[in-house]
Amino acid sequence: MSFFGKSNQSLLVILNIILATACTGGSSKESCDSCEVPVDDTLFISSEYGNSESMSRNMSAVRFVILHEDDQTMFSDMNQLIDAFGKYFVVDSYSSRRVVSFDHDGKPFASYGRRGNGPGEYALPWNVDVSAEYVYIQDISQRKLIKYDHQGVFIDSKEIPFESKGFTLLKDGKILFKLEPSKETNYQLCVTDSMLTPLKYMLHYLDGYVGGWVTNNAFQKNKNGISYYCSPADTIYRLDY
């Protein structure tokens, strides 16, 4: 799905409920209003231009939120979106290279760091995760994990001790990193403590693995756990916290 900025506003489409017919094979919407939709259900929407009418017809609820960007929260592309703690966190990795947030009404809330090489700055903000207190940004160019509070104040940064293009926060201050294949290690994942000291390596890459298409959404979190996607094997792993 693509998101486009127009003037100083962007349109965020929140798909709240999966296809009504996904609840019970072919059931009507009326018989499905009160049932729970499994988190693994998938909705496929045609990318044809002008398909919003079809989208609205097939969805139980579609919510449109106007993001009212200002000078501090202006961005060009949306490479990652996180809805957490009453805010939308937007990551623009390539164009403006910014990380910004908005409240659920679309009002600008904060920006986090800026492009550069100094304290609290980054060259390529690739992946973001959020805790109740802090916002963490992974700079894959300078191999560091930068921490801010929710208001955008820089707290500290730590060097990541391996090549990584993805991370997610675990319980008890631990962090799960997606590793890139290298001569030093052939593992896909590493669990570290809060100081980024490796604690456990997991999942070997297959022999001859040369890498593939990389996404900054390798980890997806929900109440049931974490899903991890590895390409080009096209495999999804389910993990707990």
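This is a predicted model: local features need pLDDT of at least 70, side-chain atom pairs count only at pLDDT 80 or more; totals for chains, interfaces and linings use all residues.
**Aromatic pairs**

A pair of aromatic rings is described by the distance of the centres and the angle of the planes. In this model the count comes to 11 aromatic pairs, if ring centres must lie within 6.5 Å of each other. One of them joins Phe75 and Phe102, whose planes stand at 65° with the centres 6.2 Å apart, and because an angle over 60 degrees counts as edge-to-face, this pair is given that name.

Phe162 and Phe177 form another edge-to-face pair, with 5.4 Å from centre to centre and 70° between the planes. Since Phe162 lies in the loop between strand S13 (154-159) and strand S14 (164-169), and Phe177 in strand S15 (residues 175-179), the pair ties together parts that are 15 residues apart in sequence. Phe162 counts as buried at 9% relative accessibility, and Phe177 counts as buried at 0%.

The two pairs can be set side by side in a table.

| Pair | Distance of centres | Angle of planes |
|---|---|---|
| Phe75 and Phe102 | 6.2 Å | 65° |
| Phe162 and Phe177 | 5.4 Å | 70° |

Aromatic residues also come together in a group, for Phe89, Tyr112, Tyr148 and Phe154 form one aromatic cluster.

**Charges over rings**

Lysine side chains also meet aromatic rings in this model: the charged end of Lys87 sits over the ring of Phe109, at 4.8 Å from its centre, and Lys147 lies over the face of Tyr134, 4.6 Å from the ring centre.

**The sheet that holds Phe177**

Strand S15, in which Phe177 lies, belongs to an open sheet of 4 strands, arranged in the order S14-S15-S16-S17 with antiparallel pairing. S14 and strand S17 (198-204) stand at the edges, where each has a single partner strand, so one side of each is left without a neighbour in the sheet. On average, and with direction ignored, neighbouring strands of this sheet are turned by 20° against each other. S14 and S15 run antiparallel and are joined by 4 bridges, and Phe167 stands opposite Phe177 in S15.

Definitions and conventions. Residues are numbered from 1 along each chain as its sequence is written. Side-chain values use heavy atoms; hydrogens and water are left out. Rings of Phe, Tyr and Trp (its six-membered ring) pair if their centres lie within 6.5 Å; planes under 30 degrees apart count as stacked, over 60 as edge-to-face and the rest as tilted. Helices (H or I, at least four residues) and strands (E, at least two) are DSSP runs, numbered from the N terminus. Buried means under 20% relative accessible area, exposed over 50%, partly exposed in between (1.4 Å probe, protein chains only). A charge sits over a ring if NZ of Lys or CZ of Arg is within 6 Å of the ring centre and within 35 degrees of the ring normal. Two strands pair if DSSP finds at least two bridges between them. Axes are lines fitted to C-alpha atoms, for helices over the stretch in contact, and angles run from 0 to 180 degrees between N-to-C directions.
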